[in-house]
Amino acid sequence: MSTSTRKNRALDPERIYDLLLGARTAAVCTLHFKDGRVLRGALVFNQFKGTGRIINIDEESSVDFAVDELRDIKL
């Protein structure tokens, strides 16, 4: 299959912003990063700075991210 016929799996930045704004009220969301990481947890998002933090209380971890690092978001 050529690269021109493959579906681009990354969402456009506007769609990612919309999903992040909606995910702020979700109990748990899953973030898929462009570098292959997949993180699950509660979301804190600052729409004005384009940054956020995903917090996993079970693993006692949190990761800061920028919107341009994200490939996809699942609620």
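Student: Which residue forms a salt bridge with Asp-72?
Tutor: Before we start, this is a predicted model, where local features need pLDDT of at least 70, side-chain atom pairs count only at pLDDT 80 or more, and totals for chains, interfaces and linings use all residues. Residues are numbered from 1 along each chain as its sequence is written, and side-chain values use heavy atoms, with hydrogens and water left out. A salt bridge here is a side-chain nitrogen of Lys or Arg within 4 Å of a carboxyl oxygen of Asp or Glu. For Asp-72, the closest N and O atoms of the pair are 3.1 Å apart, and the partner is Lys-74.

Student: Where is Asp-72 found, and which residues is Asp-72 in contact with, leaving aside its neighbours within four places in sequence?
Tutor: Asp-72 is found in strand β5; helices (H or I, at least four residues) and strands (E, at least two) are DSSP runs, numbered from the N terminus. Contact means heavy atoms within 4.5 Å. With those sequence neighbours set aside, Asp-72 touches Leu-11, Thr-30, Leu-31 and His-32.

Student: Which residue meets Arg-37 in a salt bridge of 3.4 Å, N to O?
Tutor: That salt bridge is between the side chains of Arg-37 and Glu-69. The pair links distant parts of the chain, 32 residues apart: Arg-37 is in the loop between β1 and β2, and its partner, in the loop between β4 and β5, is Glu-69.

Student: How exposed are Asp-35, Arg-37 and Glu-69?
Tutor: Asp-35 is exposed, at 55% relative accessible area. Arg-37 counts as partly exposed at 31%. Glu-69 is partly exposed too, and its relative accessibility is 30%.

Student: Which helix and strands make up the chain, and in what pattern?
Tutor: The chain has 1 helix and 5 strands. Read along the sequence, the pattern is α-β-β-β-β-β.

Student: Which residues of helix α1 are buried, and why do they line one face of the helix?
Tutor: Helix α1 covers residues 13-23, and its buried residues are Ile-16, Leu-19, Leu-20 and Ala-23. Looking down the axis of α1, they line one face because they fall within an arc (taken from the directions from the helix axis to the C-beta atoms) of 100°.

Student: Which strands do the buried residues of α1 pack against?
Tutor: An α-helix has 3.6 residues a turn, so residues three or four places apart point the same way. In this model, the buried residues of α1 pack against β1 (29-33), β2 (38-46), β4 (61-66) and β5 (70-74).

Student: What about Leu-21: which residues is Leu-21 in contact with, beyond its neighbours within four places in sequence?
Tutor: Leu-21 is found in helix α1 and is partly exposed, with a relative accessible area of 28%. Leu-21 and Asn-46 sit 8.9 Å apart in space, C-alpha to C-alpha, while being 25 residues apart in sequence. Beyond its sequence neighbours, Leu-21 is in contact with Phe-45 and Gln-47.

Student: What share of the 75 residues in the chain is buried?
Tutor: Ile-16 is one of the buried residues of helix α1, and Asp-72 in β5 is buried as well. Over the 75 residues of the chain, the buried share is 28%.

Technical notes
Buried < 20%, exposed > 50% of the residue type's maximum accessible area, 1.4 Å probe, protein only.
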